[in-house]
Amino acid sequence: MTDTHTPAPTTASASSEPPPKARPPKRKSMYPMWFYAPAGVIYTALFVVPTFASFYFSLTRWTIFDSEFIGLDNFRTFFSEPYLFDSLVNTIIYAVVTSAAKVVIGLLLAVFLSSQIIARGYLRSVIFFPTLVSAVGVGVTFSVLMDPFDGLINNLLAKVGIDGPGWITDPDMALLSVAAVDIWRGVGIATLIYIAGIVAIPQEYFEAARVDGANAFRNFWHITLPLMKPATATVIILSLIGGLRSFDLIWTMTKGGPGFSSDVLASVVYKQYQAGFYGLSTAGNVVLFLLVAAIVIPLFWFLNRKQVEQ
Amino acid sequence: MSSATGISKANRAYSRIGGLVAIVVTAVVFLVPFAFIFLTASKDRAEASMLQFSWPTQWAFFENLQEVFEHRDGIIITAFINSTLLTVGSIAIMVILSAMVGYVLQRRKSKWNPLINFLVLAGLIVPPAVVPTIWVMQALGIYKTLHGLIFIEVAFGMSFCILMFRAFVASIPRELDEAAIMDGAGPVRLFFRVIFPLLRSVIVTVIVVQAVTVFNDFQNPLYFLPGDDGATLQVVLYALQGQFSTQWNLMFMNILVIMVPMLIMYVFFNRQIVAGMTSGAVKG
């Protein structure tokens with residue numbers, strides 16, 4: 001309100017309230033910068049500072065109380081020890097497998113669930129609900145269901161004459177089994193993102209295609225699929241970020257085992273932290289940061305640029 | 001004409017058969033695990049240990065429920081209180097602070113905007129550095145405290161909220177601000193009395209999405225609030241995994257108890273949860 005009155009009575013009010021009106025060009029904004037302050041303090045203290053500090057502490061031998069600079073030794077250890085390095089490979093496999101599956105299954109489910117079938121609302125709810133169950137709950141449940149001897153999955157497979165594998169006890173299977181549970185839990189979000197995209201396609205496209213005599217498959221291939229690019233970008237980025245950082249599900253289902261076969265970067269960070277190797281743990285964190293940045297930022301830029309062009 | 005009815009007949013058949021097949025498949029894939037949780041939670045100890053997918057011969061649902069709540073002097077109840085305080089506290093702070101940021105960020109064009117936008121996106125993408133965060137929290141004296149964990153959840157969840165608020169504020173006409181300014185409102189009154197109430201629908205979305213995230217969070221409580229006193233439900237459930245490995249009925253009763261709040265949320269806020277989680281907030 002002061003803003004609207006300042007120009008005329010500058011000299012008159014200067015005597016009563018000198019400091020604010022002594023400099024007429026400075027107007028107080030209605031959108032003050034201090035609105036940023038409380039959020040900025042919390043964010044800086046608990047996110048920005050630790051992130052920058054991690055770059056330094058990853059170069060040290062660290063016991064929280066004092067740290068000794070050892071250069072790149074932690075990274076050398078990380079890349080030379082197979083059980084540490086494999087976690088990097090596993091992280092990439094896990095993230096790629098889960099996001100690819102969420103894209104493919106999510107899109108197919110979405111096409112199916114937006115077509116004219118009965119019980120659509122029920123089906124959507126059922127597919128989405130696992131997203132809301134905690135990873136710990138899902139992990140415990142599936143580690144029981146996937147038990148090689150007593151588990152429900154292998155019991156069912158045995159009834160149809162298949163000798164089920166040791167889902168989470170076989171080193172070759174463990175990581176992919178956890179990834180499968182991750183897909184089970186997360187495909188609902190992907191599906192609903194795609195459904196929102198499909199619903200937004202103007203019906204005229206399909207009508208025109210019908211006049212041209214296109215069948216359902218050609219509709220999907222030439223209309224739905226190309227128009228799903230923004231939705232796909234969202235699904236890929238969301239699930240890649242989630243997949244690369246994934247910890248809860250892996251930790252409750254396998255703890256990175258058997259051996260180190262399903263260890264990912266986030267679980268290595270936790271293990272090294274528990275063992276008291278804070279410097280090495282932080283180095284693992286930095287590797288994870290660099291991996292996420294190297295994969296997500298180019299993708300983000302690439303996919304967003306394409307959207308802007310459209 | 002005949003071909004048209006042919007098509008609609010085929011469509012109706014597709015609608016029925018496709019729907020039925022989907023109902024059966026989703027029942028097996030998605031409902032059986034939940035039914036398994038419920039049935040095992042209702043069995044007595046001996047029967048539950050067989051891990052069969054079967055109807056309980058002896059229903060022990062309420063006995064199990066009681067036993068779960070009495071386990072270790074009611075640690076589940078303590079954990080329930082902790083989880084509730086954590087969820088409510090962090091979301092209250094998160095909503096107000098991010099609404100303030102999202103609002104000014106959308107309304108005011110300043111040279112800081114690119115930096116702030118960058119920081120917000122970084123908050124979505126960058127994985128938090130664990131041990132350095134503990135180091136900072138120790139220096140501030142908030143490590144292993146509930147309010148410390150609340151601030152952690154606020155810091156890590158804020159980016160999503162800011163993006164949601166910024167997008168929504170863009171749809172509120174500036175004329176409204178100007179009218180309020182004409183009426184003599186200051187910046188604080190303009191925001192809290194005029195703008196904030198208009199954000200109601202997006203606030204509900206943010207609250208339900210973050211409630212699910214914070215309530216289900218396992219990693220942050222595990223790192224930043226270790227110990228029994230402040231344990232949240234997810235951490236207690238994880239700890240029980242080792243202790244209850246011979247008492248599957250109690251283990252699954254625990255899972256069931258933890259799922260109930262989310263189920264209730266889903267029943268009431270179905271639309272907001274779906275809208276929030278599928279908004280593709282990363283697009284900024």
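Me: What pattern does chain B follow when read along the sequence?

Reply: This is a predicted model. Read along the sequence, chain B follows α-α-α-α-α-α-α-α-α-α-α-α-α. Its secondary structure amounts to 13 helices and zero strands.

Me: Why is chain B described as more spread out than a compact globule?

Reply: The radius of gyration of chain B is 24 Å, whereas the globule rule gives 19 Å for 284 residues; the value is well over the rule, so chain B is more spread out than a compact globule. The C-alpha trace of chain B spans about 75 × 70 × 35 Å along its principal axes.

Me: How many of the residues of chain B count as buried, as a percentage?

Reply: Of its 284 residues, 55% count as buried. As for contacts within chain B, 74% of those between residues at least 6 apart in sequence join residues at least 24 apart.

Me: How is the interface of chain A and chain B to be read?

Reply: The size of an interface is often given as the accessible area lost when the parts come together. Here chain A and chain B bury about 8300 Å² between them, with 76% of it on carbon and sulfur atoms. In this interface, 85 residues of chain A are in contact with 99 residues of chain B.

Me: Which polar contacts and salt bridges does the rule find across the interface?

Reply: The rule finds zero salt bridges between chain A and chain B, but 15 residue pairs in polar contact, both residues being at pLDDT 80 or more. Helix 4 (residues 37-57) of chain A gives the most to the side of chain A that touches chain B, with 14 residues. By class, that side of chain A has 61 nonpolar, 19 polar and five charged residues.

Technical notes:
Residues are numbered from 1 along each chain as its sequence is written. Chains are lettered from A and ligands numbered from 1 in the order in which they are written. This is a predicted model: local features need pLDDT of at least 70, side-chain atom pairs count only at pLDDT 80 or more; totals for chains, interfaces and linings use all residues. Side-chain values use heavy atoms; hydrogens and water are left out. Contact means heavy atoms within 4.5 Å. Buried area is the accessible area (1.4 Å probe) that two parts lose on being put together, summed over both. A salt bridge is a side-chain nitrogen of Lys or Arg within 4 Å of a carboxyl oxygen of Asp or Glu. A polar contact is a pair of N or O atoms within 3.5 Å; within protein, one must be able to donate a hydrogen and the other to accept it, and residues adjacent in sequence count only if both atoms are side-chain atoms. Helices (H or I, at least four residues) and strands (E, at least two) are DSSP runs, numbered from the N terminus. Ala, Val, Leu, Ile, Met, Phe, Trp, Tyr, Cys and Pro count as nonpolar, Asp, Glu, Lys and Arg as charged, and the others, Gly among them, as polar. The radius of gyration is taken over C-alpha atoms; the globule rule is 2.2 Å times the number of residues to the power 0.38. Buried means under 20% relative accessible area, exposed over 50%, partly exposed in between (1.4 Å probe, protein chains only).
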